[in-house]
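Trainee: Could you take me through one part of this model in detail, the nonpolar core, and then show me how the chains and domains are arranged around it?

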Amino acid sequence: MLTQNFWSKQSTREGLSGYAFMLPTIVVLGIFLILPIIYTIILAFHRVQVLGEVSYRFNGLKNFVRMADDDRIWIALQNTAEYVAIVVPIQTILALGLALILNTNIKGKSWFRVAFFLPTVTSSAVLTLIFMWIYNTNGLLNHFLSLFGFSAYNWLGDPDVALKGIMIMNIWATAPLFMVIYLAALQDIPESLYEAAAIDGATPWEKFWCITLPFLKPVTFFVIVMGIIGTFQLFDQSYIFSGGSGGPNNATLTIVLLIYQYAFKNLQMGYALALTLVLALIIMSVTLIQRIFFKEESLD
Amino acid sequence: MVRSTRLLTWVLYLGLALYTLITFIPFTWALSASFKSLAEISSGATNFIPQNFTLDNYNQIFTQEPLFGRWLLNSVVVAVIVTVFNLLFNSMAGYALARINFPGRQWWFFLVLAVLVIPGQITLLPKFLILKSFGWLNSYQGLIVPTVVNATFIFMMRQFFLNFPKELEEAAKLDGLNRFETFFQVVLPLAKPALAAQTIFIFMGSWNEFLLPLVVMSNPEMFTLPLGLNAFRGQYVTFWNLIMAASMVFTLPALAIYAFFNRYFIQGVTFTGGK
């Protein structure tokens with residue numbers, strides 16, 4: 001592949017400086033990204049001992065076979081599915097609604113945009129603690145509901161509502177992020193389309209259905225996929241909420257939390273790595289589906 | 001027609017006001033709790049303005065929890081160093097991928113794109129094993145080194161430098177500057193908007209990161225604030241006044257960065273699509 005030209009002094013210097021600029025990236029991505037991926041793939045088929053010196057022994061497909069009988073995986077997947085089914089549609093519609101409002105020529109929209117963003121820039125640890133406090137038996141939520149005659153309820157301790165508490169918090173925290181993405185997309189819709197529609201006598205409602213929505217299709221797809229991927233990676237909130245247990249009664253157990261527990265509480269690193277591999281395949285296939293459907297023009 | 005438009009405007013404002021309220025209530029409630037006494041909090045009153053305004057909680061978290069100051073320091077050290085290195089390394093890589101014609105460039109660019117698809121949680125356990133073998137658990141470098149480059153922002157910087165006017169570099173070359181001098185003296189100072197967008201995301205990401213520190217740091221002295229906050233909560237379960245004060249101390253620096261770089265924030269979000 002190396003052409004003669006490459007050996008000229010100029011090109012050599014260019015090549016060297018290129019690699020010099022890339023060196024930190026190559027080293028860090030190599031050691032902390034490429035190597036871990038290779039590790040995961042290999043060690044998922046091993047029994048890994050982490051106490052003291054790390055050692056491993058090949059055990060074939062045992063880690064994967066074991067998953068079929070592991071009830072907690074199914075609970076975690078079920079929680080995730082429930083979470084996706086509720087959170088993703090609500091946060092997408094909320095984000096779109098807010099973006100549509102802010103896209104009108106309303107006054108003070110940049111102020112609203114900055115304000116709405118507050119939860120998105122706050123750490124998940126802080127948000128979780130604030131919400132736990134609001135949800136607690138003597139908390140703001142119960143006081144608010146008592147105005148309408150409801151009696152105090154232990155929101156945190158009930159397995160039926162614990163996950164919903166996290167859902168509400170995450171919808172609240174994530175919707176503004178997607179709102180900004182929608183806003184950017186709305187601003188890309190050519191004004192001439194609306195003008196043409198106005199000449200044809202289209203009502204605002206018809207404009208929305210026939211111009212705005214079709215235009216937002218790729219963005220919506222992107223927002224939904226990002227929402228799903230985010231859900232599969234849910235960890236911080238569940239961990240802090242349940243003190244690391246995924247409780248009450250596994251109600252807040254997520255896949256990443258399960259992996260964490262197997263690796264660092266049960267010290268079954270090999271099994272945890274096999275689970276990681278499965279999670280990676282799920283997330284990457286979701287991402288790939290998105291990349292295929294939603295051609296990224298920016299890559300060209 | 002005019003009347004219905006005006007009515008619609010009012011409905012929209014009402015919606016926005018309501019949502020602003022929903023956004024702010026949890027924060028103001030937490031902020032107000034951090035200035036209340038424990039007695040006032042336990043009484044279950046729902047006043048947002050403290051009856052007896054007190055700074056005791058802030059005082060107490062630093063005195064009663066001797067490690068609190070240390071956690072704050074750890075978080076600052078890690079987040080600042082990570083941010084500085086990211087700005088430098090991501091820009092260098094982005095510049096090389098956009099402008100320098102070196103063998104294998106396409107291949108490296110493809111690798112950066114591939115890395116974008118891989119979520120951090122997936123490399124967590126092997127990262128732990130590698131850091132353990134380096135003897136880097138419970139050390140700053142264990143948190144810093146794995147996060148000093150970021151594929152998303154390498155990609156962003158590449159896009160930025162692709163649109164960078166070539167004439168400036170050519171002029172620099174005529175002045176006898178080499179690649180490094182050109183980059184640091186001519187190119188980088190003109191990349192400020194892109195660097196500002198990066199600063200917010202990298203700093204916030206590092207400052208708020210929970211999972212990696214949880215795995216790398218087991219010694220309480222090396223905790224960053226999110227871990228400390230979690231431990232603190234375990235210890236002072238019902239002392240919500242203290243927990244909220246600690247939460248506020250933790251939120252403030254991130255908020256300051258956000259306020260300061262806010263105008264670059266939106267372009268960053270729309271670029272990265274979050275994360």
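Mentor: Happy to! The largest nonpolar core holds 153 residues, and the members that touch the most others are A:Met179, A:Tyr182, A:Ile259 and B:Ala246. By nonpolar core I mean a set of buried Ala, Val, Leu, Ile, Met, Phe, Trp, Tyr and Cys residues joined through C-beta atoms within 7 Å. Buried means that 20 or more other C-beta atoms lie within 10 Å of the residue's own, with C-beta atoms placed from the backbone. Helix H8 (residues 159-187) of chain A gives the most to this core, 14 residues; helices here are DSSP runs (H or I) of at least four residues, strands are runs (E) of at least two, and both are numbered from the N terminus.

Before going on, keep in mind that the model is predicted: local features need pLDDT of at least 70 and side-chain atom pairs count only at pLDDT 80 or more, while totals for chains, interfaces and linings use all residues. Residues are numbered from 1 along each chain as its sequence is written, and chains are lettered from A and ligands numbered from 1 in the order in which they are written.

Back to A:Ile259: leaving aside residues up to four places away in sequence, A:Ile259 touches A:Ala272, A:Leu275, A:Thr276 and A:Leu279. Contact means that the C-beta atoms, placed from the backbone, lie within 7 Å.

Now for the two chains. In chain B, 69 residues are in contact with 69 residues of chain A. Several helices of chain B give two or more residues to this side, including H1 (2-34), H4 (68-99) and H14 (240-272). The largest share, 13 residues, comes from H14(B). By class, the side of chain B that touches chain A has 45 nonpolar, 19 polar and 5 charged residues; Ala, Val, Leu, Ile, Met, Phe, Trp, Tyr, Cys and Pro count as nonpolar, Asp, Glu, Lys and Arg as charged, and the others, Gly among them, as polar.

Within chain A, the assignment gives domain 1 (4-64) and domain 2 (70-299), with bounds from an automatic or database domain assignment. Their centres, taken over C-alpha atoms, are separated by 33 Å. Across that boundary, 12 residues of domain 1 of chain A are in contact with 8 residues of domain 2 of chain A.

Chain B is divided into domain 1 (1-63) and domain 2 (65-272), and 32 Å separate their centres, again over C-alpha atoms. Here 13 residues of domain 1 of chain B are in contact with 12 residues of domain 2 of chain B.

Definitions and conventions:
Contact = placed C-beta atoms within 7 Å. Buried ≥ 20, exposed ≤ 12 C-beta atoms within 10 Å, placed from the backbone.
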